[in-house]
Amino acid sequence: MTPPPPRKWLPLAALLAAGLALLAALRLAPAVLEPLREWLSQSQQPVGTLSNGLRMASTGLFLLIAGGGWLWQKRHAQQSEPTPTPGLAKGWGAGFLAAAAVVACTIIVANPRGMYPTNFYPPRWLLARPVKMDAYQALPVAPDLVILGSSRTFTIAPVDVQARLGYTAFNASVEGMRMAEMPAFVRFVTQEHPPGPMVLLIEAAPYAADDLVSERLPNRLLPYLSPDQAFSFIYNRYTSLLNLDHFSESVYQMLREPKESLDWSFQPDGMGILPLSSPAGLEEGVSQAIANIPAHCQPPSRAAMRYYQQVVDLAARYQMAVVFIIPPYHPRYYAAQMAPGSDFDACKAQAVAFLQAMAEEYSHIFFLDYTDPATIGSLDTAEGYYDYQHMTQENAARLLEAAAATLQQAYQIAEEWRTR
Amino acid sequence: MGIASQGFLLLFLPLSLLIYWLLLRRPRQKLLFLSLLSLLFYAIAGKEYLLLLLGLSAATYALARVRKFTLGILLNLLALAFFKYGGFGLQQAGLLAQAWGLQAALPLLNLALPLGISFYVFKHISYLVSVRRGRCPAASDPWLFFTYAAFFPSVSAGPLSGYPETASQLQALPSRLEPANLYQGLLHISAGLAKKILIADILRDALGAGLFGSAATGEGLAWAWLSLLIYAFQLYFDFSGYTDLALGIALLFGVTLPPNFNNPYLASNLAQFWQRWHISLSSWIRAYVFMPFSGWLLTHLGNRHKQLGMLLANLLTMTLIGVWHGTGWLFLLWGLYHGLLLSLRSLLAQRGVQIRGRFTGQALTFVAVLIGWAIFLSPDLAFAGRLFSGLLGLQGVGNLAPLLLVYDKFTLATLAIAMLLSALGIVEALHLPPARRAWVAAAWGLLGLLCILMLGEEVEFLYVLF
């Protein structure tokens, strides 16, 4: 008996129906799905409920097609084995490509990490990079001083810099900054407003990070990346279109509230502000962070050191001075890190030695280590820290006070350099 | 980059296939392109040892041309011994010297294992022996030999293919992709990924906490047997998943590699198990070690000591398989264990003692294999002692509550599916029922995509470490 010709529309229709059924189920039957969701979220797997659900559904599909085929074969043992036809390969391709298209389109439309040029939904994550780049581009001229770093330097206020030192400033710190991005940002702040700022105040704390740039980097920073970083950036954009975590986030994005706290708000000068914590909230947060201190510290990565050097070279090329700083931690957290048995100090010492050596070697490089909160005379209450690692504007002003002399010295060096 | 990484499956493979089938017409062009791809793949995956692979392949090729086969074999074995066993050997020698009160200042060798060295060295030796035995002429084309030795789908963890079979295919690479090869290749990739990502990795994560982790899981009878069962299926699905991927990728380039598995856990006796588990290695060892060695023994010991000869041949062969898997006394012990059981089985068979009933044979063989895995998986003797004490019930049944927290419902459901697929004999892609409808093929495509979604950056296979 000749088998009926394959119906080409069937896989697509089945996929569409499955998608609609899933959406309907998620929307209409929470009472049924809630226990399942709870069970899935209790699983050992590290990713979210939807990811676990998809894993289980995939395992079910595997069992269904392998086991179903076995059953069918048992029932129709007398039939001869078919020879694979081009239709089967096309069927495989249709199933693969249709599902890939659904996943990729969902990720592009929801765009939870701001990686693609769509904005149908509010971001699920804090995305300071595009905000800061817009604000910087809107400046009429380059400021005297630019602050680069992670969210730990969000609160260094340009107005405080102006008041204390008389320099115009801009805070270009972004969440989860990696050293790998720093050279690109240095190129950006210089080339957007040539000849660029006189002084860069750079947070040197992410010394253990690898050499990958953050996937939250906006596409328009691409021209400022090195060729290998640009390749890895584009490759990451491509593979992220077929990534379960991104897909899950996208579906959550469409169905649920944003996950990450987006409470940071930014001033036009780039400074970030959070609502103050309550004293009890701060203490609890610090205790939790202390409990999560990793067993071993991470020493400076070779890649990070390579990027420090790149920043130093770029600064020399653009005649800028650089002040590297390590911002303070909450005193209790700092004490826990330095407790007997902890190796945090050993790792930090390696980074400090490297940065100090650079500061000694180059006249335009400075290094200030404020890891110990006592070095800036920090305010240890909820008015001084949002949490274990984020200082408020109050403590940021104290840090500026401590760094004032070095910043002035750096400014003078850059000024002499440019007027020469 | 391994063959189960997004970089490989979403970039390297599609681009390579497009160039291979759309731009290149002649078999020679395709062969050179495969050489280049293999070189590139190895350079990305393990660039530190690219020169070793190139040098060893070049030396093997040249020595075969001048018929210096023994030298070629020795050179390859020396490289394998140095990189794989050098560090361990020096460490043991140091310990021995210490035990005898000698102050030997032996250097510490801490070499990373070059990617696929255990596999390409065996391929080189297989080639040298094949030429020596006259099964094929020495390769006149260095590209052909290099592509055989470093063929990228199988360079990391096999399967080990023979030179005559592979070279004949590489010399006559098809100008167009056959629909059968295309579909089978894609099906193998889907099945391989599903086995690795959906089964093996889930079981691996559970074992990480339950068997190898510090979780207080009771350490009783239940812990030991359940952990062992999970390990047995993790290892099987991991390696057979890798093999299906390698076979599928090779098929997409028009090359058929030999299968490595044939429902090993359905074997009725241990000899059958070794004909079904890591078939290409077992066949290699049988052809190049067991047969020559048992032949030599029979000649020297005579027919009167045939049983002794069989025992010695089994022990040597299985010990070799054991140490091939890694350094450490426990691998050797694992090989000896299998060698002894195989010898015992052949002795009993010669005296007419047979296990009645297929199921009884399968069950006993599976238990024997499981006990072997207990030796194989143990990182040291203390761990093995703890595991065997659990297996023998010396610690009691154990506390089930913490055990079921680690081996949760998700893990147990996955284990049940793995066992069901194994019992039905449909684990290997070759044994999967053939699709008759396009929508079944589409479901395999969908499954492949779902697995790629879950891949992340890099997936590590257990056998790549051997």
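When I sort residues by class, Ala, Val, Leu, Ile, Met, Phe, Trp, Tyr, Cys and Pro count as nonpolar, Asp, Glu, Lys and Arg as charged, and the others, Gly among them, as polar. By that division, the lining of the second largest pocket holds 22 nonpolar, 14 polar and 11 charged residues.

Before going on, a word about the model. It is predicted, so local features need pLDDT of at least 70 and side-chain atom pairs count only at pLDDT 80 or more, whereas totals for chains, interfaces and linings use all residues. Residues are numbered from 1 along each chain as its sequence is written, chains are lettered from A and ligands numbered from 1 in the order in which they are written, and side-chain values use heavy atoms, with hydrogens and water left out.

On a 1 Å grid over the protein atoms alone, a cavity is a set of points where a 1.4 Å probe fits but cannot get out, while a pocket is an open set with protein on both sides within 12 Å along at least five of seven lines, and lining residues have an atom within 4 Å of a point. Grid points are joined across faces, edges and corners, and a volume is the space filled by probe spheres set on the points.

The second largest pocket has a volume of about 1200 Å³. Of its 47 lining residues, P206(A), Q298(A), Y329(A), Y388(A) and Q389(A) are the closest to its centre. The elements that give two or more residues to this lining are α12 (331-337) and α13 (344-361) of chain A, where helices (H or I, at least four residues) and strands (E, at least two) are DSSP runs numbered from the N terminus.

As for cavities, the count comes to 2 of 30 Å³ or more.

Let me turn to chain B, which is divided into domain 1 (14-176) and domain 2 (180-454), with bounds that come from an automatic or database domain assignment. Their centres, taken over C-alpha atoms, are 25 Å apart, and 33 residues of domain 1 are in contact with 30 residues of domain 2, contact meaning heavy atoms within 4.5 Å.

Finally, two backbone details. Q319(A), in the loop between α11 (302-317) and β6 (321-326) of chain A, has a positive phi near 55° although it is not a glycine, and Q319(A) is partly exposed, with a relative accessible area of 29%. On this scale buried means under 20% relative accessible area, exposed over 50%, and partly exposed in between (1.4 Å probe, protein chains only). In chain A, P194(A) and P195(A) are joined by a cis peptide bond, with omega about 5°.
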